[in-house]
Every structure is written in C-alpha cells, then in structure tokens.
Amino acid sequence: MRFFKRLLRSRVGLSGLFITGLVVIAAILAPVIAPYDPIEQDFTLSLQLPSWRHPMGMDEFGRDIFSRVIFGARISLSVGAIAVAIGFFIGMPIGLFSGFYGGWLDALVQRAIDALMALPGILLAIFVVSILGIGLRNAMIAVGISSIPVFARLMRSSVMAIKEETYLEAARAVGAGQARILWKHVLPNAFSPVLVQVSYQFASSILWAAGLSFLGLGAQPPLPEWGAMLASGRTYILSAPHVITFPGLAIMLAVLGLNLLGEGLRDVLDPRIFL
Amino acid sequence: MGAYLIKRITLVIPTLLILSLFVFLSVRLIPGDPAQIIAGEYATKETVEQIRKQLGLDRPLIVQYMDFLGRLLRGDLGRSIRTNAPVMTELASRYVNTLELTFLGMSIAFIAGTAIGVISAVWWNTWVDNLAMFGALVGVSMPVFWLGLLLVLVFSVKLGWLPSVGKGSPAHLILPAVTLATLPTAIIARITRASMLEVIRQNYVVTARAKGVSEVSVILKHALRNAAIPIITTGGLQIGTLLGGAVITETVFAWPGMGRLLVNSILARDYPVVQGIVLLLAVTVVVVNFVVDLTYALLNPKIHLA
C-alpha cells in the first residue's frame, strides 16, 4: 500500500493512472456509455460531421464514431492484456532459468533471443502473422510472441545482477536449496524492473496491434478496432478528416496513459534509474 | 581490437544462423500443407505438386535447410510465387528506397533529438524541460500511421505545401521522413537529456565553468562530447525501430519500399518474398548493431578491446 501511495504522489504516475483509468472505464462500461450500436449502419448519415447527436461524427458506412471508439477500447485493452500475458509468462521463466543457470543453455537462448530481436517490435509481429495468418486473434498472439524476447532479456539481466548479491551467498551458506533460492530470493528481487516493463510493453502492444490492423493484417471489418478504423477512414481524408482524427486520438491517449504509468512505476520502484 | 572483433563475430554468426533457421522453419510452421495453402484452395493437384517441388518440400528437412542456407549465401532468395521473378531482383530497388527513407529519418532524429535533449538538460526542471519531455512522451505514444495521416492532412490537403504520396522530387521525402523520425527523435532526446544531466555535474564541467569558459562552450565542448557515447549507441540501436516504422510509414505515403511489398506479399501468401524481406531487414539490423558496437568500443577507452 505504501507503494501505491507513492505512486499517487508522483504527478506522472497519477496522470498515467487517471488516463488509463478512463480507458478501462470506457472498455468496461462500453455498452452503457456508447449511445449507438458500434456496427449499426445508416447510409443516409454517411461521413456526417461531428454534431450534438454524434459528437465524433459518422464514418463512411454511417456508423457512430464515438460508439466505435468507446467499443474499440475493449478490443485494444484485451489485445494488450493478452499479448503482455503471453510475453510475460513465457519470457520471464526463460530469462529466469537462462540467467540463473548460465552455461551453454544460456548462450544458446541468448543467441535465439538476439535472432528474434533482430526483428524488433512490429516487424517480428508482422512476421509471425505471416505464419499464423491474418486476423485479430492471430495479431494478438503475434504481438505477444514479439514481446517474449523483451521480457526474457530483461529478466535475465535482472537475475544476473542479483546473482552477485551477498544475500544469495548468505542463503546458500545457511543451506537453502536451488529451488528455494530461485523462488524466495531471486524471483521477488528480479521482479520490479519487469513490472515496470509490463506497463511499457502494454503500451507497445496496443500500438503494434493497432499497426497490424492498420496494415490490414489484424482486426477485420466491421470490428470497431482503432487501427482498422484509421485504415478504412483514410480514403476519406479529403472530405471527412474527422473519420481519422478520433480513432488515432484514442490510440494515443491509451498508449500515453500506460507510458505515463510506466514512468510513475519506475520512479517509485527503481529510483536509481534516471531518465 | 582484433581479438574483440573476433569475439563479436563469433556472437553474430550463430545469431544469423538461428535467424535463418527461424525463417526457414516459418513456412513449415504454417498450419496445414504449405504447398496447398500457397497454391490456393482451388488449385489443381498438379499445381500443388509443382509448388511442392519448387519449394523442395518433398525432401528431408535437414537437406532442405542446407540447401536453403547454401542458396542464401549465394544471395539467392528463391522466386516470387506471384511474379516468378527472383526475389532478389524484386527487392533490390525497394531495399534502396527503404534505406533512403530510414537513413534520412535517422539523420533527422539524431539532429533534432540531440538538440531537444541538450536544451532540456540546460533548462533542467523549468517549463522548457517539462514541455520538451512531455513532447517526447507524446512522440513515443503517437501511432506512426496516424501521425503520417495527420501530416498529410495538414501539409498536403489543407496547406498544399508538400506532396502527400509517392516518390519523385526531394519534397516527396519530407513528410515520410519526418513521420518516421518522430519516435527515434523522442527516444534520443530522452537519452541525451539523461546523459547530459549526468555529465553536467562532473568535476571537469565545474572546472571549465570556474575557469571562465563560456557557457555555450561548456555545454557543447565539455558536456556534450562526454555525453555522446550513450547517445550514439542508443541512437544507433534505433535502426530496428526505424525499419519497423518504415514498413508502416511506407504504407501511409505509398512509398515504393519493402514495407508495402511485405504487406501485399503476406496477403497474397507469397512466402518466398516475405522470407526474403524479413531476412534482409533482420540482417540489416544485425549488421548495423554490430557496427554500432564496434564504434562504441572505439569511442570508449574504458572498454578493453579483448
């Protein structure tokens, strides 16, 4: 709880928490907040400019953009959460064992991670989608797989640093077994930089998944996904710029909130890093 | 230096080998019969068999991989399924276009990022610093495809100053390059600021000030020069971010690089082209990182080159 209080006291962390909170509320209460059905079409209102009835205007199919943006929060947040979970739960143990046991296994794992990291971020996700096939579900998995090397590398370097600590020596000296040392001493201490990364990676995942959808490799129409909305709306950039304004704003806000939250978490959890 | 070089190369080679293995296996990981998928649902049996032969899918896996590797070393990436042209030929000019855009984006990012970072550090904890750092955070959070669309909206559609899509005049490069540069600019600005703040407190900077060296000279000669190493290395490592961003930026601006070809090839299931692009991009990243590493070692006398 002390940790939470400190987070609330940091201006950056608080604003991150606030923005992220807004996005989460939009996602949870989407059916309540959204005034219209996100996929209901009314061609008579096609590309109508923002008005009191439709605060963000209508898209090319006459769908209420505000409702679509609100429902889009559901998609983006769940994509981000699942992708981060995949990266975290696969990457973390890889980094933990690789860093803790070292040796040839570590060397091999590190070269494999180097190879994956040669395709940073969205490139690896695009490559994985090319194998799995296009669609929102596969895009989600692809983004998750792309963050495995990030978590593995971070966890490993964290574990490597802890291996040198005297408290591990002390634990060994009093006869603690490998499993106990790993579980009780290494894991909890290696955790905080990884936790900070969760927030950043969540932000990146939302960006990458939206990017995949923008390229036509992720969410397919008529899903109200922010990246896909931008992709279909860009044709109307001349006559109806509002179509591309709001979904992009939504992505930026969601990502900004998580990045701010990450900064706040870092300040609180690791005051030594200084950026 | 020689020993260090050899040590670095012994790390790069297995990385490249594993990478080639991943790319090689990728087609085999596709659920179902790859030959059938590539040929399409309605292909005749003969076509499927022909593709299977063409890709060598009828031979043992290890033989296939050795063959793949051998052809790779000779610069042979196979043939495109769509056009039947050698993948290398299809990629060559697009690769150059992508590099052109990436290089320009990188240059902008280095200049703008360093400038913003230095200004932020000099006016540390004032509104200038806060504004710059908030701007950097927005830059990191901005989806590159949205930024591109907004720039088109403002500078091409509304103001009519710059062409929005395609390639031709130098003016065509401005919008895509600026779009692409935004994210690395933000990252480099943050690193520069952090690095400068660390250096500014060092004794030699205090001494230089005490000697009466002008403030500009203190910042640029004494501080920035010593803060340069992390800026150059982190900046250099952004090459991957830039290439990834390039793929998307190219799609927005219809820039004839590898990005659009990559997306179209995925949609058309033209796997040899996808593999070729992925390999080419990854090898570029590995080579650039390798060079950055060497530069780092050369610049930093603290690193033992052994």
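Student: What span should the 15 residues of α6(B) have at 1.5 Å a residue, and how far apart are its end C-alpha atoms?

Tutor: This is a predicted model. The expected span uses one less than the number of residues, so the 15 residues of α6(B) at 1.5 Å a residue should span 21 Å. That agrees with the distance between its end C-alpha atoms, which is 21 Å.

Student: Which elements do the buried residues of α6(B) pack against?

Tutor: The buried residues in α6(B) are B:Ala132, B:Met133, B:Ala136, B:Leu137, B:Gly139, B:Val140 and B:Ser141. The elements they pack against belong to both chains: α9 (178-214) and α11 (242-269) of chain A, and α5 (87-122) and α8 of chain B.

Student: How many residues of the side of chain B that touches chain A are nonpolar, polar and charged?

Tutor: On chain B, 39 residues are in contact with 38 residues of chain A. Elements giving two or more residues to this side of chain B include α1 (2-29), α6 (127-141), α8 (171-200) and α13 (271-299). By class, the residues of that side are 31 nonpolar, seven polar and one charged.

Student: Are α10(B) and α13(B) roughly parallel or roughly antiparallel?

Tutor: The axes of helix α10 (residues 215-236) of chain B and α13(B) are 9 Å apart, at an angle of about 170°. Angles over 145 degrees fall in one class, so the pair is roughly antiparallel.

Student: Which residues of α13(B) make the contact with α10(B)?

Tutor: From α10(B), the contact takes B:Ile229, B:Ile232, B:Thr233 and B:Gly236. The residues of this contact divide into six nonpolar, three polar and no charged. On the α13(B) side they are B:Val288, B:Val292, B:Thr295, B:Tyr296 and B:Leu299.

Methods: Residues are numbered from 1 along each chain as its sequence is written. Chains are lettered from A and ligands numbered from 1 in the order in which they are written. This is a predicted model: local features need pLDDT of at least 70, side-chain atom pairs count only at pLDDT 80 or more; totals for chains, interfaces and linings use all residues. Two residues are in contact if their C-beta atoms, placed from the backbone, lie within 7 Å. Helices (H or I, at least four residues) and strands (E, at least two) are DSSP runs, numbered from the N terminus. Ala, Val, Leu, Ile, Met, Phe, Trp, Tyr, Cys and Pro count as nonpolar, Asp, Glu, Lys and Arg as charged, and the others, Gly among them, as polar. Axes are lines fitted to C-alpha atoms, for helices over the stretch in contact, and angles run from 0 to 180 degrees between N-to-C directions. Angles under 35 degrees count as roughly parallel, over 145 as roughly antiparallel, 65 to 115 as roughly perpendicular and the rest as oblique. A residue is buried if 20 or more other C-beta atoms lie within 10 Å of its own, exposed if 12 or fewer, and partly exposed in between; C-beta atoms are placed from the backbone.
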